[in-house]
Amino acid sequence: VIFAGSYTFYTFNQIKNEEDFLRQDLVYRTNVLAENLMESFKDREFSEKYIEQSFNKLIVSEKLVDLYFYNKEGLQILHKNNSSSTVKVETPVMLSKIVNSGAVFEEQDHGEYSRFIYKILGENNMPGGFLVISQDSRYISDYVIRFWKNSISKFLSVFFGMIVVLMLLVY
């Protein structure tokens, strides 16, 4: 019983640490992507053609679900989709929330995907537009499930191995 409890506690902590690491990595990769996009937009006219060319280069990522670009009024200028299902974006609520906060970036976790909202700063640090990136985060939950399955099979192997050894010692 003590072994089972210890092993379960250890496994739970290990899985939590791995899940946190994968989520932090997703945030980091998305931030790098957003910074590169925003940097490339900074020195150029916000032309739809240029934005579309930039997005077309990036949309090939399998974890990238949607990219949205909004002008400073919150009107959608461009949407690129990399999956059969589009992630629904509640534009007015979402954009007003980030405008009213002092933040330049906000993350929203929606289970199967994570949405990242970036305020693109224009003149006088006023919003020059908004970039919304939706990433597929199912691989994190898939990893956690696979980790639990592997841990359970290891536990059962050790447990039954201990029973066999004890039986051999007793008999």
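Reply: F155 and F159 sit four residues apart in helix α4 (residues 138-170), so about one helical turn separates them. Helices (H or I, at least four residues) and strands (E, at least two) are DSSP runs, numbered from the N terminus. Bear in mind that this is a predicted model: local features need pLDDT of at least 70, side-chain atom pairs count only at pLDDT 80 or more, and totals for chains, interfaces and linings use all residues. Residues are numbered from 1 along each chain as its sequence is written, and side-chain values use heavy atoms, with hydrogens and water left out.

Me: Is F155 buried or exposed?

Reply: Buried means under 20% relative accessible area, exposed over 50%, and partly exposed in between (1.4 Å probe, protein chains only). F155 has 18% relative accessibility, so F155 counts as buried.

Me: And what does F159 count as?

Reply: Its relative accessibility is 34%. That value makes F159 partly exposed.

Me: What kind of aromatic pair do F159 and F160 form?

Reply: Rings of Phe, Tyr and Trp (its six-membered ring) pair if their centres lie within 6.5 Å; planes under 30 degrees apart count as stacked, over 60 as edge-to-face and the rest as tilted. For F159 and F160, the figures are 5.6 Å centre to centre and 65 degrees between the planes. The pair is therefore edge-to-face.

Me: Which residues do ring pairs link into a cluster?

Reply: F160, a member of this cluster, is partly exposed at 47% relative accessible area. Ring pairs join it with others, and the cluster is Y7, F155, F159 and F160.

Me: What pattern does the chain follow along the sequence?

Reply: The secondary structure comes to four helices and five strands. Read along the sequence, they run α-α-β-β-α-β-β-β-α.

Me: How much of the chain counts as buried?

Reply: In soluble globular proteins, nonpolar side chains tend to be buried together. Here the chain has 171 residues, and the buried part is 35%.
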